[in-house]
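Hi,

Here is the structure I promised to pass on. Have a look, and my notes follow below.

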Amino acid sequence: MTLGGTTSPYAAGFVANDTPRIVTSRFDLEDGYTLDRYLATGGYEGLRSALDREPGEVHGEVRDATVLGRGGAGFPAGVKWGFMPPEVWPRYLVVNGDESEPGTYKDRLLMERDPHQLIEGCLIASYAVGLSQCFLYIRGEMALAQERVATALNEAYGAGYIGKNILGTDFSLDIILHWGAGAYVVGEETALIESLEGNRGMPRLKPPYFPAAIGLYGKPTIVNNVETLANLPWIANNGSAAYRAIGTEKSPGTRMVAVSGHVKRPGVYEIVNGITTFRQLLFDDEYCGGMRPGRELKAFVPGGGSAPWFGVDQLDLPFEASEIGPQGSMLGSGAIMVMDDTADIPKAAYSLTRFYAHESCGKCVPCREGGTWLERILHRVVNGQGTSRDLQVLMEVGGTICPGNFPHAASERLGIEAASFPYQMTTICFVGPSAFAPIHSAMTLFPEDFAALVADNDDLAEANGDHGFATNTAVPVELKGVSVR
Amino acid sequence: MSETPVRITINGETVEAKPGDLVIAAAERAGTHIPRFCYHNRMSPVGMCRMCLVEIDTGRGPGLQPSCMIPVSDGMVVNTESDRVKQVQEGVLEFLLVNHPLDCPVCDKGGECPLQDNAYSFGPGESRFVEEKRHYEKPIPISDLVNLDRERCILCDRCTRFADEVAGDPLIHFIDRGSQTQVNTFPDHPFSSYFSGNTVQICPVGALTATPYRFKARPWDLSAVESTVTVDSTGARVALQSSQNEVIRVLGVDSDAVNWGWLSDKERFSYEATSGQGRITEPKVRTDDVLVTARWGDALKRAAKALEGEPERIGLIGGARLNLEDQYAWAKLMKGVVGTDHTDAQLGDGLPAPMVLGLPRATIEQATAAGGVVLLLGIDLKEELPTLYLRLRNAARDHQVDLVEMAPRRSALSKLATISVQPEPGTVGVVMTALAEGRTDEAIGGVSPEDLETVRALLSGDRQVTVVLGRSNLAEAARYTADAVGALLGLDPLARFLPGLRRGNVLGALEMGLTPGFLPGGVRRSGVELHNWASVPDFDGRDTEGMLRVAAAGELDTLVLLGADPIEDFPDRDLVDQAFKNVSTVIAVDGFVTSSSSRADVILPAALFGETDGSFLNLEGRLSPVRAKVTPAGQAKADWMIAVELASRLGTELGFVTLDELQAELATTAVSLGEVDWGRVGSAADGALVNHLRSWVLEFGEGAKAPDTNGQGLLLVVDRKLWDQGTMVAESSSLAELAQPAAIRLAPEDVERLGLGAKGKATVSQGDDTHEIAFVADEKVRPGTAALAIRLPGFDARALISHGQPVSRISVRSMGAN
């Protein structure tokens, strides 16, 4: 089965390696998404095995396995399930397939390449916590994933894996497919629930921190990420002990990461949780194979677009949340974006900030107004019209969104210590701080890149009087550097 | 409350707070104001504006939390003044002003603007924003009454939350996302809510402005008094604001007991009528069949002469517009001086006065208290008493009460009701009798056995039942409602009532004896001597219908119209016409030229709402002050002064010449007001309740009977709409156009069965009369019935009522068909 380091012809972006294959085992198969192939490769065996046991036992198995949530927060799924108040029905499982974090594309592949594995995961989870309705929320832009999941659902219904009295047992489940309408913040679980209910996709206020007690339609609800659920068939088949044998005590099993940027072989990899380091992932031949020839690593984003950036000093950290947090960032959704020495750091930061400012849902003020303001200042700066005062305002505006220490990585070169994750914030959810994260990281790690952009403008700004900015929006870009004295 | 208070520390000071209180409210109570925009104490918190962020420590160290979202807990430490909090407050205000146009000098809100105030108190003083601001088209009308300036909007969700959560009219919402988010209506659906004015009042910036007030005044030029709005019987508390002796704005006052600060647009904007086109400002006397302006003295002389005749040939209709003191003065004039008992404040469109006066009363607070059952008996609250609708809607939405609706057609509350049944017109009495007798095994009045049983179970349990009682079908005799009430008291003797008569101070008028057989204080006429009164009538008078009948027969010489317009309001138009022809003298005490007052022989101009001092008795029996803000228009006088003048021209004195003297006499004469604390009436936002213990026993007739409803065609329901051609709406320039043309509402299945097509007009016959009337399919209408509201432009619904019949039947067919 193992293709060892060759690119699969069937899963664009997926690169196999020698890591145990828990969720990507069918990614090399051309027809891995069909029911026939799924059944021929051990499909729905995990469900049969679960249905032979009491629901509580299955729940216990998942809890013992310690499946850390793969959506970003890394909360153990089995523990999350336990937050459901007992004896309250109806209760719902909501599958978060609204994968939209910049750089993240692992769930899309899971849904495109192995939709039955996800469905089987839903069935096992639903059986374990005793519910009969599951909502599968798939991001609106993922056309192929939608088509494959829809087809798989029809196949599974037809074959009796979903519906009434599944496999002749008392267990019944309906899975309802729902397509998103294109809002990033709906990846946040409470916003996803709002969207499912037909409201605007806006996050709910916390507490309650989990929708387990009051979720969809005000009922107990579990929201799990696609990859989290995809682990369940393997655990049902092989047991929690086998799962825990992979990875570390705190972070068992494997996880999928999506690498993009300036490496030789960007793609999706299944790596060992808690053990594989960023250096191995980015430089080992069985993974990304190192930087492009002649280039050096400058910085990388370790956990999706909203994560504070790391530099070369953090390369030897493993994929272990408890080690990443104190170093000022997070593992998040497992998206690694790599920048080499050719990268335009301010532009990279601008690109990410623009995304978050655009994706603000508009609910709370600091994100709605502050995010856009950050974007506009940074736009001026990267276009060579900024001043050092603009750089200061960037940090001050960000400070209103996130008062206090913003997390950042340690840098030997600059002699700074890490400020650890997470942070205080004035917003309801993480979208607002996410707009500031790339600016803060870029300006902390590479102040000279920004200083160079504004170097010539401060004199001009002074000449412009007490506005304190180099140009106003009416002044064309070409005027940059022209002395008005 | 039995709950033990929790102790929290706010800025170093330990205070007690009620469990469940939000930090922002607990702090307010303890004297610490936390700035806010989106938080409103009558709506659920959303935590959107982030202005109220404070540092809260519940044992895990201080963290920034929105104080409008966090309930207090024991030992909680709150800091609202830390450096971190100040940094955030300055930051949030800077963000809010980033795209705000700062057009305060031309903004109606300037001077009373929370954004302005908070910016001065908590803001950074200057902005670092140098970019171009966000631009939108300057104010866009989102309804006939409300304009929206999206540039000023700070997206606090107050108006949209109000529309959805409180009013149940989710017609405005956020559109677009991120920094392009804006409030707007749905395409082609204006914000035509009966409650739209509330959004203007609660807007924390100048984004929403009301057409009637726009650019009229600056807040610092306004002066205000607190008063009670008299346009319907809810008695909502308001602040009346004027500039240059003109009332130019009415704001809702947050009274816990009554309106919670909300007002319907009719309550809010009908002050305009006071300066309406049809306002009468000088006395008029008919000379050679033309009404000509007269001096007060001449008009009073003519009126007094007409009141000198035989008491049994003199009658008075109306009085619901008046303040309680005016009503007392007129009752004393008519019953104590003139000596007639022919008085009626209702116009044949209400409920039997003895029943209204005798039923045990509930308060709105009791009706909405958790755990109760509220029976809506024959009333459409949204159309008739909209502010009470908001209170009950809130209670039902929060699942505090079970609503049981029993009315001729469904209403806006049906969706929130635990059960809604529509007995066939005329059958409500037998339906309730069957429930009282436990007969729920077969359908009655078209209500299924299951529904009957559900209603019976809800009404007969241990829970407190409050009945909101109305008459929303003028084509059905009022006695069926009385039958139902009688039966209901058999089912639950402890039921309490809110009489949903909608006309202004009608409960005050009945209490003051402006109804046959009663004297002030809710006492029966017979065998009673009243303190301060020389005499009482020696016969039982007639109600409005009775008066009009004897008048039509030439047996009434003088008819006083006390702010009444029977020509438009009395259900039988022909009878009124006949009565007006045969009465020698009609005296109209009115503020407006109406169909009736324009046919009067003497018009005495009355001072109106905003021009008079006095009291109001709302449907709960709650006494609250009505206060003058401006001087009466022209030569208009307060109604009680007119009564005093007439009495003196009749050669006697009423016994008072000032309002204080009048109130003092009222308090000693009317037993139900004997224990009222008048100081409290004037000072407390929730007024004072009057005593409703009656010295007489309320009696109901024998068992209910249903009319014979067999026959061809549809049973007629004549109901009401808030926007009609009533005087107060028609005379208010901003409201006059809101009344929709008359259209007969039919159940969709009837529209199909009758082959009427999608829309248009239908031929409607009642007896030999045939009309062409627009129709609409309306799923709220019970199949087999046809509903049409009274006093709408285009068609007079009274033409379809079979007068003297218990119910009315009409036939509807497509135009051209026979």
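Over how many bridges do strand 7 and strand 10 of chain B pair? Three, in the antiparallel sense, with strand 7 covering residues 146–148. Strands here are DSSP runs of E of at least two residues, helices are runs of H or I of at least four, and both are numbered from the N terminus; two strands pair if DSSP finds at least two bridges between them.

Before going on: this is a predicted model, where local features need pLDDT of at least 70 and side-chain atom pairs count only at pLDDT 80 or more, while totals for chains, interfaces and linings use all residues. Residues are numbered from 1 along each chain as its sequence is written, and chains are lettered from A and ligands numbered from 1 in the order in which they are written.

Back to chain B: its open sheet of three antiparallel strands has the order 6-7-10. Strands 6 (140–141) and 10 (208–210) are at the edges with a single partner strand each, so one side of each has no neighbour in the sheet. Val146(B) has Ala210(B) as its bridge partner in strand 10.

Strand 2 of chain A runs parallel to strand 1 (residues 92–97), joined by six bridges, and Leu93(A) stands opposite Cys134(A).

Cheers
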